[in-house]
Amino acid sequence: MTYMMKILALLLVVGAGAWAYVANTRGNRPAMDMNARVTSGDAAFPVTLVAAERSPMSGAVTYTGSVVPFNEEDIYPRVTGRIVEMLVYPGDQVRAGQVVARLDDVELASRSREAQAMRATAEATRAQMDAEVTAAHQGVIQAEKELGSTEAELGYARAVAARSERLVGVGAISRQEHENDRSSAASLEAKREAARARIAQAQAMETSARRKLEAAGSMSAQAEAAARTAQIVRDYVTITAPSGGYVAKRLVAPGVLVQPGTPILKLTQIDRVRLQANVGEKDVASIKLGSTVTVMTTAGGPPLKARVTAMFPFVDAGARTAIVEALVDNAGRRFLPGQYVTMQFSTGDRPDGVTVPRSAVARLGGKATAWVVKDDRAEPRTVTTGLENPERVEVTQGLSAGERVVARGHEALYAGARVTDVTRDKPAVPAGDEPKNMPGMSTPTEHPSQRKEPEHAGH
C-alpha cells in the first residue's frame, strides 16, 4: 500500500511539471525584457508646489465638544413616605415652586394634630396662670387697702389714748376709760401688723403666680414651635421644584417608599447651556477668556459665534486636557444636553506673516519640516511655526515669502530629489475634448504584444 502511494505522488509531481512547461512555452504573454533598466532614481517625483505668502493670519484650533446644561439638580424628598402621585414627565417644563410629586401624609398628619392639641393645652395652662397672677395682684391691692384703713384707725386711737391720758391726770375721766383707749390703740397696732403680713403673703403669691405664668408661656411657645414644625414636616409630603427647568428623567415610580436623600426626579436648566471642550494642554495657553468660539452642530445650520467664558484651572493627568467653556443662550433649544458640537477656538491674529498651506508642514517628533524646492530639487528645512488654522500655518522662522514649498507629495521625498509640479505640467483639457482610442491603437497602458489586429470583413 505504501508503495502505491509513492507511485501516485510521483505521477502528480511529473504532471504538475509538464503543465507548468506548457503554460510557459505556449502562452501568449511576452517574455520579460531583460534589457530594461530601472531609472526610478532619476525620475521626477510628481508634487504640488505652492509659494509661501505674506498675508494676514488668524489662528484657530478645532475640538469636539459637548453640550452641558446650565444647571442640573436632583429633586429629593425631605421625609420618609410612599409616593402616591407624580405630576410631571420627562420633557415637561416646570417653574419654581410647582408641585411635582406627593407622598402619603397619614402619619405626618396625625403628628401634626397631636402637636396642635399640645399647643392648645399649653395655651390653656398659660391662660390659667395669667388669671392666678391677676388674682394674686388683686389680693395685694386689697391687703394694701386694709393696711391703709388700719393705719388710719390706729392714728385716731393713739390720739384718743393720749387725750385720755391727759384727762385722767386731772381727774376728768376714770382710769378705766384711759385703759380702754390704750387697749383699742394696741389692738389696732396688732391689726396693722397682720395687714402688713397679708400684703407680704399676697406679694409672694403674686410672684409665684408670675413665675408659673412665665413657665406656662415657655411651654406654650414650645408647643407652638412643635406644632409649627409638625405642620412644616407635614407639608414636606408635597414636593415642589426648587427652580425652573425641564424634567430630564424620572428616577423612581409612583408607589415606591422613599427616604430623605433618595432622588426621584432630575431637573435641568437649558435656557442657557455650557458648551465644553477638552482642549489639549499645548493649545490651552493660546486660548484666553473672551476668545472667539465658532460653534457648529451635527444637525447643520449656520455657525454660532460665542466667547470663552471659563477655563478650568487644572489639567486632567491622564488625557492632558483642560476644559474650556462657552456659556450661550439657548432660548430656541437649538442645543440639547449631551449633544456633540464642533468648537473652533480663535488663538490670535497676525496682520502680516509668512504662511503656507497646512499640508506643506510635516511634523515628526515635535519637529516641523517644510520641503523647499530650488532648481527642481527638494531639500528639507526645519521651520518654526506660529499661528495655525485648518487651512494654513504661519512660519515664523526658516522660510521666506516667495519660496516654493511642496504642499502635496512630500511623503516619499529625500534630500536632493528631483520634483515636478503636477499643477504646472498638467495640460488643461476642455470638457468634451478627451482623446478617444482609434481601432488598432493601443491605450497608454497597453503592451504592444496585447494589441489586437482589426478584424476584416468576412473573417
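**Exercise 1. A hairpin and its neighbours**

Which residue in the turn between strand 16 and strand 17 has a positive phi?

*Solution.* 
1. Strand 16 and strand 17 form a hairpin, with 2 residues between them. Helices (H or I, at least four residues) and strands (E, at least two) are DSSP runs, numbered from the N terminus.
2. Aspartate 375 sits in the turn, and its phi is positive, about 55°.
3. The model is predicted: local features need pLDDT of at least 70, side-chain atom pairs count only at pLDDT 80 or more, and totals for chains, interfaces and linings use all residues. Residues are numbered from 1 along each chain as its sequence is written, and side-chain values use heavy atoms, leaving out hydrogens and water.

**Exercise 2. The partners of strand 16**

How many bridges join strand 16 to strand 17?

*Solution.* 
1. Two strands pair if DSSP finds at least two bridges between them.
2. Strand 16 and strand 17 (residues 377-388) are antiparallel and joined by 7 bridges. Threonine 369 has threonine 382 of strand 17 as its bridge partner.
3. Strand 15 (residues 361-364) pairs with strand 16 over 4 bridges, also antiparallel. Here alanine 362 stands opposite threonine 369.
4. Strand 15 and strand 16 make a hairpin with 2 residues between the strands, where glycine 365 takes a positive phi near 65°.
5. Strand 19 pairs with strand 16 in the antiparallel sense over 2 bridges. Valine 372 faces valine 405 of strand 19.
6. Now check the cover of strand 16 (residues 367-374): 6 of its 8 residues are buried. Buried means under 20% relative accessible area, exposed over 50%, and partly exposed in between (1.4 Å probe, protein chains only).

**Exercise 3. An open sheet**

In what order do the 4 strands of the open sheet stand?

*Solution.* 
1. The order is 6-5-3-8, with antiparallel pairing.
2. Strand 6 (238-240) and strand 8 (257-258) are the edge strands, and each pairs on one side only.
3. Look at strand 5 (residues 99-103): 3 bridges join it to strand 6. Valine 99 is opposite threonine 240 there.

**Exercise 4. Checking a helix**

Why does the distance between the end C-alpha atoms of helix 2 agree with its number of residues?

*Solution.* 
1. The expected span of a helix is 1.5 Å times one less than its number of residues.
2. Helix 2 (residues 106-170) has 65 residues, so it should span 96 Å.
3. Its end C-alpha atoms are 97 Å apart, which agrees.
4. Just after helix 2 comes glycine 171, with a positive phi of about 85°.

**Exercise 5. The largest nonpolar core**

*Solution.* 
1. A nonpolar core is a set of buried Ala, Val, Leu, Ile, Met, Phe, Trp, Tyr and Cys residues joined through side-chain atoms within 4.5 Å.
2. The largest core has 23 residues; among those touching the most other members are Val273, Leu275 and Phe335.
3. Strands 2, 9, 10, 13 and 14 each supply at least two residues.
4. Strand 9 gives the largest share, 5 residues.
5. A separate second core of 19 residues includes Ile83 and Met86.
6. Zoom in on threonine 297, in strand 10. Threonine 297 counts as buried because its relative accessibility is 13%.
7. Beyond four places in sequence, threonine 297 touches Phe335 and Tyr340, among others. Contact means heavy atoms within 4.5 Å.

**Exercise 6. An aromatic pair**

Is the pair of phenylalanine 45 and tyrosine 414 stacked or edge-to-face?

*Solution.* 
1. Rings of Phe, Tyr and Trp (its six-membered ring) pair if their centres lie within 6.5 Å; planes under 30 degrees apart count as stacked, over 60 as edge-to-face and the rest as tilted.
2. The structure holds 2 aromatic pairs. In this one, the centres are 5.8 Å apart and the planes 80° apart: edge-to-face.
3. The two residues are 369 residues apart in the chain.
4. Phenylalanine 45, at 21% relative accessibility, counts as partly exposed. So does tyrosine 414, at 39%.

**Exercise 7. Confidence**

What share of the residues has a pLDDT of at least 70?

*Solution.* 
1. pLDDT is the predictor's confidence in each residue, from 0 to 100.
2. The share is 83%, and the protein averages 81.
3. Residues 22-40 have pLDDT below 50. Residues 427-459 stay under 50 as well.
4. Where pLDDT is low, the predicted coordinates should not be read in detail.
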